[in-house]
Amino acid sequence: MEHKGFTINGSISCWIFFVFTLCTSRGDIGYSIPEEMRRGSVIGNIVKDLGLDVKRLSDRNVRLDADRTSRGYCDINLSTGDLIVAERIDREELCGSRVSCTLNYELILEIPLELHRIVIQIEDINDNSPQFTNDRIELEIRESSLKGARFLLDEAYDPDIGKNSVETYALQNNDHFVLIVNTNVDGGKYAELVLEIELDREQQQEITLLLTASDGGTPQRSGTAVIYVTVLDANDNLPVFSQAVYKVSLPENSPLDFVVFTVSATDADEGPNGEVTYDFGRVSEKVKRLFSVNKKTGDIKTMGNLDFEEESYYEMQILAKDGSGLATNSKVVVEITDVNDNVPVIFLKSPNNPVPENASPGTEVCIINVQDNDSGQNKNIRCSIQLNVPFKLVPSIKNYYSLVTTSELDREVVTDYNITITATDEGSPPLSSSKTIQLSVSDVNDNSPVFDKQSYSAQVTENNKPGSSICSVTARDPDWRQNGTVFYSLLPSEVNGVPVSSFLSINGDTGVIHAVRSFDYEQFRSFKAQVVARDNGSPPLSSNVTVSVHMTDQNDNSPLILYPAPAGSSIMTEMVPRAAPAGSLVSKVIAVDADSGQNAWLSYQIVKSTDPGLFSIGQYSGEIRAQRDIVGTDSMKQNLVILVKDNGHPSLSATCTVYLVISDNLSDLPEVKNASYEEPSSKLTTYLIIALVSVSTFFLTFIILVVAVRLCHRRKPRMLFDGAVAIPSAYLPPNYADMEGAGTLRSSYNYDTYLTTGSRTSDFKFVTSYNDTLQVDHTVRKSPGDPGEPCEEDRTDILQPPQVNVMLIHKSSYNGATSASRSSSSELALTWQTYFSLSWMVRLFVFLLSPGSQHTCTRYSVFLIGYLFGSGVLGAEREQKCGLSGGFLIKFQ
């Protein structure tokens, strides 16, 4: 019809709608709006109506949940809080002929969880024109029809309700008929054609009339149909239904082409006037899509799938016509019964994924909403999850559940959880559905790196190459990504006052430790360093481990010969008595090795000698002894080349030359010629001049001191020192360590020295090696009867000795000296070369030192520059002054 294209924009703009708020116990609100509002039109402001904060709508994840029929028509403007129209709302399509048409929404707000029901009442507007089922209405009326006869016309259908539906009918002016409008049981208006002036078929066989149906809306809408009246002979009976209203219940799962109900009408006429046909009267398009009626039998069948959740009942009007066109109508009401045909649907709201592993028990992970479109008992739902997970479901409000943690999580144990949620309704049979949530556990830096070992030890051979790797450390962190990435570093510390970074470096990524420089076993043998393993978390966690570095010795030091003096220094000649028996200790080679272990085990051997069979050397002691008795035919000058080698691999060695003179008198020494003494005479003269000046200066100074002492009449006691000869520290190599039994000389190896005075040429011999020395601050007392003992008087004052202490002990003969020697396992012979005689100086020296007639022995402390002595006068003068027959003892410290 022409009226179907009517525009409703003007009517909406003129529509004045009202908003009403319904206060319920749960904070529900309601609005009333007309249908066909434009998209974006504001329905109401839920922020003001519910007292919410518009600034927090986004933070609270506000949303509208609706059932299937209401979904998509409305939305929320988060910036203003307005409830707006999102889609065109057609009340007739949405609710059909129902008087009440509502949209039901649930407003969900989180943090905290709130639920508000919003009910929107859709008001009808006059947006549909009345329509007839057929635009052409054909009536066959017998001419015998009496005045006042009524003929039912097709009812016009207007999907609007109330006053917007069909209100009046109008008939075109004519000579025979008038129109009467009636109201049926459901409030609908229908028209009857009333014969006012009898028909005369002979005068007019057909009559055409225009029927107009109008609604009561503003502006008014109308629809028309053309009535074609054919004048027939008389038919005076109408079809009659067995029931005015038919009601039937139909399950929603009824199959297609299922017979819902059969209507029945009878006509008392005979022939064609008594034949009844059936058809739909005033029905909606949806009913025509879902149901059909058999024109001959009156069977009403299903044509489409029924759904209780979409529509629970249907109304339809059935017309019964006889062969002459007389018709009556009846109503059929079909009620749809619910069947448990909908499984519960699970919706996940605001999932918090991943979940941090340090989340406390009770932390909300996800909000779960379950819905079932069935009704009654079929709509009740139970929700559950499996038991072997640290989560549980906590019921909230109206089919809402919160999934919360029940215990602490540990990503290093379980990284992901697959949680299966099962929803089951209470229908018969019950239906259920499941949904699996995969929750990941996010890592937190809660694990420190752990080393594979509690401590590490590395063996490094000395003289290693700088930059070479010596060991590696490994630490593992079970955390993930940067929390599990381990970096290595050295903890700042010192080794003998030097930063450990000067010795070691570490690769921060691999943990490989490198030597920064070459190590020397003789400097230090081991040290420790702390390695820190730190992860890249925030805050970072770390752990330490101790790395012990031990050096192993290499044979990289040759033996160092301490005695005799190395080549280039003054040549020392040993004096051997001519009557020395076999096995006599002649001399001793002293050597050390800075290495350790077998690398420091030294052995000695004679590689060259003047007389190969005369002397031998101890393989490990270095003591040179006479192999046989020395006879007068043996050569006076004996040179021995000694090889000292260690036990390393390869072995290192050093050589020295020992010069021996077989003689009983020092006077024979000048006759001994040596290549080392054959220096230019000019150089010797220079040395002698320097020596004379030095001794003269010292002598004059000493005379002044002695005169001062004598003026003070102080008596100086004599003290006999049996101290030891210590090897000066200057002879020892750096970091030299004493090695017991390794063939090296201990720093406490001591010797006593004796000087004889029995002849003009004094003889020197070192004898008696021992370690038990007297301290300097102690006085040695002997009994008066001991032979050779110096004068014993009270000795209360001791002159502080300088660096070299010299004592002289008289020896009447060589045999006497031999008898005075202490028994010991080691003897050392040392020969002193006398270059010139200073008899007059020594006499004066001894005289001034003597305390006079009291014959008191005085301790001599003399610093020797070179080896300068007189030719025996010193011993004679001292013997006369002290009345001694023993001699002088020279002690070197």
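Guide: UniProt annotations may be inferred rather than shown by experiment. The model itself is predicted. With that caveat, the unreviewed UniProt entry places a "transmembrane region" at residues 687-709.

Visitor: What is the helix content of residues 687-709, and how far apart are the end C-alpha atoms?

Guide: The span is 100% helix and 0% strand, and its end C-alpha atoms lie 33 Å apart.

Visitor: What makes the pair of Phe291 and Tyr314 edge-to-face?

Guide: Its planes are 70 degrees apart, with 5.6 Å from centre to centre. The cut-off for edge-to-face is over 60 degrees, therefore the term applies. Phe291 is in strand S22 (residues 291-293) and Tyr314 in strand S24 (residues 313-321), so the pair ties together parts 23 residues apart in sequence. Phe291 and Tyr314 are both buried.

Visitor: How many aromatic pairs does this rule give?

Guide: The count is 14. Ring pairs also link Phe503, Phe519, Phe524 and Phe527 into a cluster.

Visitor: How do you know that Arg136 lies over the face of Tyr228?

Guide: Arg136 is at 3.4 Å from the ring centre of Tyr228. The distance cut-off is within 6 Å, and CZ of Arg must also be within 35 degrees of the ring normal. Arg136 is accordingly listed as lying over the ring face.

Notes:
Residues numbered from 1 in each chain as written. Predicted model: local features only at pLDDT ≥ 70, side-chain atom pairs only at ≥ 80, totals over all residues. Heavy atoms only, no water. Helix = DSSP H or I, 4+ residues; strand = E, 2+ residues; numbered from the N terminus. Phe/Tyr/Trp six-rings, centres within 6.5 Å; stacked < 30°, edge-to-face > 60°. Buried < 20%, exposed > 50% of the residue type's maximum accessible area, 1.4 Å probe, protein only.
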